[in-house]
Amino acid sequence: MAKGGWIVKFNNVEVERCFAVSFNYDAWEYTVNNKETKKLPDRFSSIKLEIGED
């Protein structure tokens, strides 16, 4: 993804690059770019959002 966006990491491992992300802990899932919904990992200790600069 060129010039910006979010880098989503679980336990410091990059899993997505996107322009929008939302988390639903009741359903245990997250949605990227308001389109694609995925299950959260079974076990993780951190979620990190970074600004993509490349």
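This is a predicted model: local features need pLDDT of at least 70, side-chain atom pairs count only at pLDDT 80 or more; totals for chains, interfaces and linings use all residues.
View 1. Buried denotes under 20% relative accessible area, exposed over 50%, and partly exposed the range in between, with a 1.4 Å probe and protein chains only. Local features require pLDDT of at least 70 and side-chain atom pairs pLDDT 80 or more, while totals for chains, interfaces and linings use all residues. Residues are numbered from 1 along each chain as its sequence is written, and side-chain values use heavy atoms, with hydrogens and water left out.

View 2. The whole structure contains 6 aromatic pairs. The ring centres of Phe10 and Phe44 lie 5.2 Å apart with planes at 55 degrees, so this pair is tilted. Rings of Phe, Tyr and Trp (its six-membered ring) pair if their centres lie within 6.5 Å; planes under 30 degrees apart are stacked, over 60 edge-to-face, and the rest tilted. Phe10 belongs to strand 1 (residues 6–10) and Phe44 to the loop between strand 5 (36–39) and strand 6 (47–51), 34 residues apart. Strands (E, at least two residues) are DSSP runs numbered from the N terminus. One aromatic cluster is formed by Phe10, Phe23, Tyr25, Trp28, Tyr30 and Phe44.

View 3. Strand 3 pairs with strand 4 (residues 29–32) over 4 bridges, and Tyr30 in strand 4 is the bridge partner of Phe23.

**View 4. The largest nonpolar core and Leu40.** The largest nonpolar core comprises 6 residues: Val8, Phe10, Cys18, Tyr30, Val32 and Leu40. Such a core is a set of buried Ala, Val, Leu, Ile, Met, Phe, Trp, Tyr and Cys residues joined through side-chain atoms within 4.5 Å. Strand 1 and strand 4 are the elements that give two or more residues to this core. Beyond four places in sequence, Leu40 contacts Phe10, Phe23, Tyr25, Trp28, Glu29 and Tyr30, where contact means heavy atoms within 4.5 Å.

**View 5. The surroundings of Glu16.** Glu16 lies in strand 2 (residues 13–18) and counts as buried at 12% relative accessibility. Its side chain is joined to that of Lys38 by a polar contact of 2.3 Å. A polar contact is a pair of N or O atoms within 3.5 Å; within protein, one must be able to donate a hydrogen and the other to accept it, and residues adjacent in sequence count only if both atoms are side-chain atoms.

Notes: Two strands pair if DSSP finds at least two bridges between them.
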